[in-house]
Amino acid sequence: MRLYVTAVRKWWTAAAAIILMAVVCQLSGKSSIELPALSGSGVTPLAYFTPLLVSSAVLYCLNRRVDHIERTAVVPVAVIDAACVASVFVLCLAAGFVTGFDTARNVLLLICIGLLIAQVGNTASGIATGMMLLIASIVAGRGPAGSHAWWAVVLYPSSSVPAWSLTAVVLAVAGIRSVKASGKP
């Protein structure tokens, strides 16, 4: 089963993505890129896009399936996947000391939204939804003088209780839906 986790599911890519996210956030520092916005053009920190690295890696790992092996596994693969996703969440929160806890929160949020969308669509639609959420927040969610729209949760600072609360709710919904989906034959 260890070979399955490393060779088929490739969970090591999620750990590598977390390390890459931390390195990019450290090296980029306050580096910004100029992007269009509805209120003119705006400057966005480069580190703002790093949660896509981890969320894409996690959804990639969950998409890789070998059904004939999974049906005969002693330990249900859904249990191993849940443990790996939980470890990714813990590692992201630990990396929050380096990247900023808003980045860690955004990783959790994008993974959970991607999981919810992937259950009704596919993995590519889950990844694309996270990307579109980031782009929509930049283009339409920013206001003048650093303010942001109420719905642009990914722009909230790391100390925002409503952003963390929404992330916890989405995490609970994604977890409940994943458990119900994995129980079906």
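Biologist: Is Cys61 buried or exposed?
Modeller: This is a predicted model, and what follows is computed from it. The relative accessibility of Cys61 is 0%. Buried means under 20%, so Cys61 counts as buried.

Biologist: Which cysteine sulfur is nearest to that of Cys61, and how far away is it?
Modeller: A disulfide needs two cysteine sulfur atoms within 2.5 Å, and by this rule the count comes to zero. Cys61 is therefore in no disulfide. The nearest cysteine sulfur belongs to Cys84, at 8.1 Å.

Biologist: Where is the nearest cysteine sulfur to Cys112?
Modeller: Cys112 is buried, with a relative accessible area of 1%. Cys112 is in no disulfide either. The nearest cysteine sulfur is 11 Å away and is that of Cys92.

Biologist: Which residues of helix 3 are buried?
Modeller: Helix 3 runs over 51-63 and has 13 residues. From first C-alpha to last it reaches 18 Å, close to the 18 Å expected at 1.5 Å a residue. The buried residues are Pro51, Leu52, Val54, Ser55, Ala57, Val58, Leu59, Cys61 and Leu62.

Biologist: What covers the buried residues of helix 3?
Modeller: Cys61 is one of these buried residues. Contact here means heavy atoms within 4.5 Å. The cover includes helix 2 (12-28), helix 5 (77-99), helix 6 (101-120) and helix 7 (123-140).

Biologist: Which residues does Thr50 contact, leaving aside neighbours within four places in sequence?
Modeller: Thr50 is found in the loop between strand 2 (40-45) and helix 3. With a relative accessible area of 3%, Thr50 is buried. Its contacts beyond those neighbours are Met21, Val24, Cys25 and Thr103.

Biologist: What separates the C-alpha atoms of Gly114 and Gly126?
Modeller: Gly114 lies in helix 6 and is buried, its relative accessible area being 0%. Leaving aside neighbours within four places in sequence, Gly114 is in contact with Leu59 and Gly126. Gly114 and Gly126 are twelve residues apart along the chain, and their C-alpha atoms are separated by 3.8 Å.

Biologist: Which residues are in contact with Thr123, apart from neighbours within four places in sequence?
Modeller: Thr123 lies in helix 7. Its relative accessible area is 14%, and because the cut-off for buried is under 20%, Thr123 is buried. Its contacts are Leu59, Tyr60, Asn63 and Ala118.

Biologist: Which residues lie nearest the centre of the second largest pocket?
Modeller: About 460 Å³ of space lies in the second largest pocket. Strand 2 and helix 6 each supply at least two residues of its lining. By class, the lining has eleven nonpolar, nine polar and three charged residues. Of the 23 lining residues, those nearest the centre are Thr44, Pro45, Tyr48, Asp102 and Leu155.

Biologist: What is the phi of Lys10?
Modeller: Lys10 has its place in the loop between helix 1 (2-8) and helix 2. At 24% relative accessibility, Lys10 counts as partly exposed. Its phi is positive, in a residue other than glycine, and is near 55 degrees.

Notes
Residues numbered from 1 in each chain as written. Predicted model: local features only at pLDDT ≥ 70, side-chain atom pairs only at ≥ 80, totals over all residues. Heavy atoms only, no water. Helix = DSSP H or I, 4+ residues; strand = E, 2+ residues; numbered from the N terminus. Buried < 20%, exposed > 50% of the residue type's maximum accessible area, 1.4 Å probe, protein only. Expected span 1.5 Å × (residues − 1). 1 Å grid on protein atoms, 1.4 Å probe; cavity = no way out; pocket = protein on both sides within 12 Å on 5 of 7 lines; lining within 4 Å. Points joined across faces, edges and corners; volume = space filled by probe spheres on them. Nonpolar A, V, L, I, M, F, W, Y, C, P; charged D, E, K, R; others polar.
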